[in-house]
Amino acid sequence: MPENSSKNAVVTGASSGIGQATVRRLRAEGWNVIAFARRADRLDHLASETGAAAFAGDVTKDDDVAALVGFAAHTFAGSGGIDTLINIAGGARGTDHVATARDEDWDWMFQVNVMGTLKLIRAFLPALRSHGRGTILNLTSTAATTAYEGGSGYNAAKFGQHALTSALRLEEAEHNIRVIEVAPGLVQTEEFALNRLGGDREAAQRIYQGVAEPLMAEDVADVVGYAVGLAHHINLDHITVRPVAQAAAHKLIRR
Ligand code: 8X3
């Protein structure tokens, strides 16, 4: 099968978890990668380990996003320009029911998951269109299509990001931009559950307790790498990826 011949990617959310694993995976396959996240110290380590270029900034800040676009234009100037944008920055805060939902948690989740994705895409679309074979991959979640108790804020944000992704695919096909959605279920990462549960380590560990083989960040990065590495005319629209132990959002086998 022919491979995608384009190989200049920007990856957001690169300082930990799936974003970091995606940078490693793409670099191992010879991609030129710009790793973008807020925490410069973590990015610097990743850059020296993998040879990716690092750029520190916040997906919710227009100035940071504009600076990233300039950095990418400069970094990829000699190799054809950016062709692939991978939006992994995101996350959950809180497990409150609607009855006790906290505005600040909902605001944060909308900003990072929806507005951050929008800002990155809008800023890079001119370059991706003019490249002629662009790819945008958004990491959503199984929470983007199935709601659950205690998930409302995260569900609402991820449903929103899913809707944005679906509309974008329709809008950009005529510009030969493929739009891929990767929707993971339970993934055991360093920070996702910890951030969601306000830093409570024991509660975060309980999420994965007894699950023999949860998905790891590297598993999802393999799927992302596969999807963006396929020949450009192949668009994996929506990929759901779960551990075998999680047959559905409500069915998790613990031993
Ligand atoms: C993470 C999946 O099940 O915690 O995006 O909502 S879940």
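**Ligand surroundings and nonpolar cores**

In this predicted model, the ligand is surrounded by S141, A143, Y148, Y154, G185, F192 and R196, a residue being counted as near a molecule or strand if one of its heavy atoms lies within 4 Å of it. The shell divides into four nonpolar residues, two polar residues and one charged residue, where Ala, Val, Leu, Ile, Met, Phe, Trp, Tyr, Cys and Pro count as nonpolar, Asp, Glu, Lys and Arg as charged, and the others, Gly among them, as polar. An oxygen atom of the ligand lies 2.6 Å from a side-chain N or O atom of S141; a distance of 2.6 Å likewise separates a ligand oxygen from a side-chain N or O atom of Y148, and 2.6 Å is also found for Y154. A polar contact is here a pair of N or O atoms within 3.5 Å; within protein, one atom must be able to donate a hydrogen and the other to accept it, and residues adjacent in sequence count only if both atoms are side-chain atoms. Taken alone, the ligand exposes 250 Å², of which the protein buries 82%; accessible areas come from the Shrake-Rupley method with a 1.4 Å probe, and for residues only the protein chains shown count as cover.

Residues are numbered from 1 along each chain as its sequence is written, and side-chain values use heavy atoms, with hydrogens and water left out. Local features require pLDDT of at least 70 and side-chain atom pairs count only at pLDDT 80 or more, whereas totals for chains, interfaces and linings use all residues.

Within the shell, F192 is found in helix α6 (residues 192–196), helices (H or I, at least four residues) and strands (E, at least two) being DSSP runs numbered from the N terminus. F192 is partly exposed because its relative accessibility is 30%, between the limits for buried (under 20% relative accessible area) and exposed (over 50%), computed with a 1.4 Å probe on protein chains only. Not counting residues up to four places away in sequence, F192 touches G91, A92 and Y154, contact meaning heavy atoms within 4.5 Å. F192 and S16, 176 residues apart in sequence, are separated by 9.4 Å from C-alpha to C-alpha.

N155 is placed in helix α5 (residues 152–172) and is buried, with a relative accessible area of 4%. The side chain of N155 reaches the backbone oxygen of T146 at 3.3 Å, and, residues up to four places away in sequence being left aside, N155 touches A143, T146, A147 and Y148. In the loop between α5 and β6, N176 has a positive phi near 60 degrees, in a residue other than glycine. Most residues other than glycine have a negative phi.

The largest nonpolar core has 30 residues, of which V23, L26, I86, L137, V182 and V220 have the most contacts inside it; such a core is a set of buried Ala, Val, Leu, Ile, Met, Phe, Trp, Tyr and Cys residues joined through side-chain atoms within 4.5 Å. At least two residues of this core are supplied by each of β1 (8–12), α1 (17–28), β2 (32–37), α2 (40–50), β5 (135–139), β6 (178–184), α8 (217–229) and β9 (238–241), and the largest share, six residues, comes from α8. A second, separate core of 22 residues includes V65, A89, I136 and I177.
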